[in-house]
Amino acid sequence: MNSPTFVVGTAGHVDHGKSSLVRALTGANPDRLAEEQLREMTIDLGFAELTTPGGNRIHLVDVPGHERFVRNMLAGAGGIDAAILVIAADDGPMPQTREHLAILDLLGISHGVVALSKADLVDSEWLDLVVDSTRGLLDGTALANSEIVPVSSITGMGLDDLQSALDRMLSRFERPVAAQPARLPIDRVFTMSGFGTVVTGTLTGAPISVGDRVDLLPGGQAARIRGLQSFGRAVQRALPGSRVAVNLAGVDVTDLTRGDVLTLPGTMEPAMRMDVSVRLLETCERSLEHNDEVIVFSGAAEVPARAAMLDGDRLEAGRDGWVQLRLARPMVAHPGDRFILRRPSPPETIGGGSVVELDPPRHKRNQPGVVARLEQLAEGDPADRLLTWIGNRLLDERQALNSPLGEESSRRAIERLVSDRRLTRQGIMLVNTTRLHQISAAVLECVDRFHRQHPLEAGMPLGFLRDEMGLDRVALDTLLPTMEEIEVVGPLVRRSGFRISFDTEQQRRADEYLQLLDTHGFQPPTPEEAGISIDLSRALAQLGSIVEIGDGIVFLPEQLSGAHDRLLEMLTNQKSISLAEYRDALGTTRRFAQALLEYFDRQRVTRRIGDRRVAARPIERREESTAR
């Protein structure tokens, strides 16, 4: 597949000869369904391959022209590079001609050729009139400068001229550098005997290869590419801009449907909301009102949605505006994707636009700053656009490379923003520097407030801080190392240099309790028995003045060290000891001896076998003290 490959779709009114033209150009019948061949009318998408005299390999997508099958037409039009607009010379432009042309215009299809079919049925004077009316129809659209070629599928008239016109048109086509993840919007799902599940679509973004692991979205099924074909030829690697059939392992045909998207793992996520720019057609019969029901066509997907106006109460025919589409079910899209809007009843194509942001917050109507932000995302300096797109989010750099700018432009913008210190890189994460300073100030205030409210705590638990700040673990773990005023000690976060300090009364009570523990040896009173508050007891433990071993029992560190040394001495002499033996050796009660032995079990100093303890590891290799 070294020759250039383009996906070209037909468009035009029913019975204007689209399928006949494809058959005349390629020798293949794109009407694959028995009903289509019986009725001689295209119902669903058809496909054929053409290699032009100029060496361009064209994958033709033949779409239905009848108004009842516009939904199927849209499933095929989403991934095309260019179009052949077919207009019957004996009829001239008709309603579906205009609708299909409007759809191509809304999708931004600016490369095309017009084929005036059935030209053998009219005289030259009539043909000139149809050419003039067609030129008028194209004026003001993306196909305004397209060549118009009279052809006949019956006599072969003009077919060579049409292929030459396609070559000239495609020579001006510049495929954008891969700026999106690899994805295949699925337009057909079926099973082949001996192969299993097969899906087809037009691949965009980046290549896929046999053996790749893939995700099927929005369902989230994981699969593996078992095989790839392009028009019957097996390939190991499929390139963007080609029609591809993918044989999948690990997924059942019943799990998939038209409109699903095949993509590489972790590169795309389904969205339930999209902020979009919308243009209504001038032919739209009524304005688009706030919360109107619409159907969104993107790629091969068709999803009902509500249109929430972001600026004003309605959008009038022929006008542009900003809308949040609130989808009835998840849709897979990418910033910059084009889409078509239709009304469900009565069915009508009303407009289309482009996706600006996926899964944004649910905006209130006429919320200040929302439209300005979307305008910045859609236009302006690439670095400014990227910074606006990142907003207040903390992003993995791989996510940032998946911005609407495309991978290469995003990478350049990231480096510029980091150099200008408007973006901070911390490990693999990126955050707006202004936002980082705001978060840092808020974290500091939160920690200081905790110290004021809990002066006897050594620090604020990280889980509490995450909840207070509304940040996830990754975000907090990324941001805290950037803050010189903050230190993380185990599960706690605190002001750098913070130490617990007691007031006069607390210090007196603490000294008395420590003296009491020293006096009672291996039968210490619990803090509760000594009248010590939980806060003061916890503070003493965090300072290392006492060690809590379980069940409310505490010891001085030197007492615990002595109990540990006595235990090692006994195990050295007799290999194993019982609870009673240890109790007698310490001169304590069963309660305290058992608590100590269970503590040393947890510290892996001892191991229980039946009613006795043995050393968990060779004694000569162990630390002299486990009191920490």
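These legends describe close-up views of a predicted model.

**View 1. A closed barrel of 6 strands.** The strands run in the order β16-β21-β19-β18-β22-β23, and their pairing is antiparallel. From one strand to the next, the twist averages 45°. Strands of a sheet pair through backbone hydrogen bonds, either parallel or antiparallel.

**View 2. R326, a residue of strand β21.** The strand spans residues 320–331. Is R326 buried or exposed? Its relative accessible area is 15%, under the 20% limit, so R326 counts as buried. Leaving out residues up to four places away in sequence, R326 touches M272, R273, A305, R306, A308, R362 and H363. One of these, R362, is 36 residues away from R326 in sequence, with 8.7 Å between the two C-alpha atoms. Another is H363: the side chain of R326 reaches the backbone oxygen of H363 at 2.9 Å.

**View 3. The largest nonpolar core.** In soluble globular proteins, nonpolar side chains tend to be buried together. Here the largest nonpolar core holds 32 residues. Which members touch the most other members? They are L85, L104, V114, L116 and L138. Two or more residues each come from β1 (5–11), β4 (82–88), α4 (95–106), β5 (112–117), α5 (124–138) and β18 (292–298). Helix α4 gives the most, with 5 residues. Now look at L85. Neighbours within four places in sequence aside, L85 is in contact with A11, G12, T97, L101, V113, V114, A115 and L138.

**View 4. E457, a buried residue in a loop.** The loop lies between α11 (433–453) and β27 (460–461). The relative accessibility of E457 is 13%, which is under 20%, so E457 counts as buried.

**View 5. Helix α17 and its buried side.** The helix covers residues 579–586, and L579, Y582 and L586 in it are buried. Why do these residues lie on the same side of α17? They cover an arc of only 70° around the axis, so they share one side. The buried residues of α17 pack against α16 (557–574), β32 (576–578) and α18 (590–602). After the helix comes G587, with a positive phi near 65°.

**View 6. The hairpin of β33 and β34.** Strand β33 (residues 606–609) and strand β34 (residues 612–615) run antiparallel and are joined by 4 bridges. R607 stands opposite V614 of β34. Between the strands are 2 residues, and G610 in this hairpin takes a positive phi near 65°.

**View 7. T155, an exposed loop residue.** T155 sits between β6 (147–150) and α6 (159–171). Its relative accessible area is 53%, which is over 50%, so T155 counts as exposed. A polar atom of the T155 side chain lies 3.2 Å from the backbone nitrogen of M157. How many residues separate T155 from V614 in sequence? The count is 459, and their C-alpha atoms are 100 Å apart in space.

**View 8. Backbone exceptions.** Most residues other than glycine have a negative phi, and most peptide bonds are trans.

- The peptide bond from L217 to P218 is cis, with omega near 10°. P218 is in the loop between β10 (213–217) and β11 (221–230).
- S345 and P346 are also joined by a cis peptide bond, with omega about -15°. P346 is in the loop between β22 (338–344) and β23.
- K118 is not a glycine, yet its phi is positive, about 55°. This residue lies in the loop between β5 and α5. K118 is partly exposed, at 25% relative accessible area.
- D551 has a positive phi near 60° and is likewise a residue other than glycine. Its loop runs between β30 (547–550) and β31 (553–555). D551 is exposed, with a relative accessible area of 70%.

Definitions and conventions:
Residues are numbered from 1 along each chain as its sequence is written. This is a predicted model: local features need pLDDT of at least 70, side-chain atom pairs count only at pLDDT 80 or more; totals for chains, interfaces and linings use all residues. Side-chain values use heavy atoms; hydrogens and water are left out. Buried means under 20% relative accessible area, exposed over 50%, partly exposed in between (1.4 Å probe, protein chains only). The arc is that of the directions from the helix axis to the C-beta atoms. Contact means heavy atoms within 4.5 Å. A polar contact is a pair of N or O atoms within 3.5 Å; within protein, one must be able to donate a hydrogen and the other to accept it, and residues adjacent in sequence count only if both atoms are side-chain atoms. Two strands pair if DSSP finds at least two bridges between them. Axes are lines fitted to C-alpha atoms, for helices over the stretch in contact, and angles run from 0 to 180 degrees between N-to-C directions. A nonpolar core is a set of buried Ala, Val, Leu, Ile, Met, Phe, Trp, Tyr and Cys residues joined through side-chain atoms within 4.5 Å.
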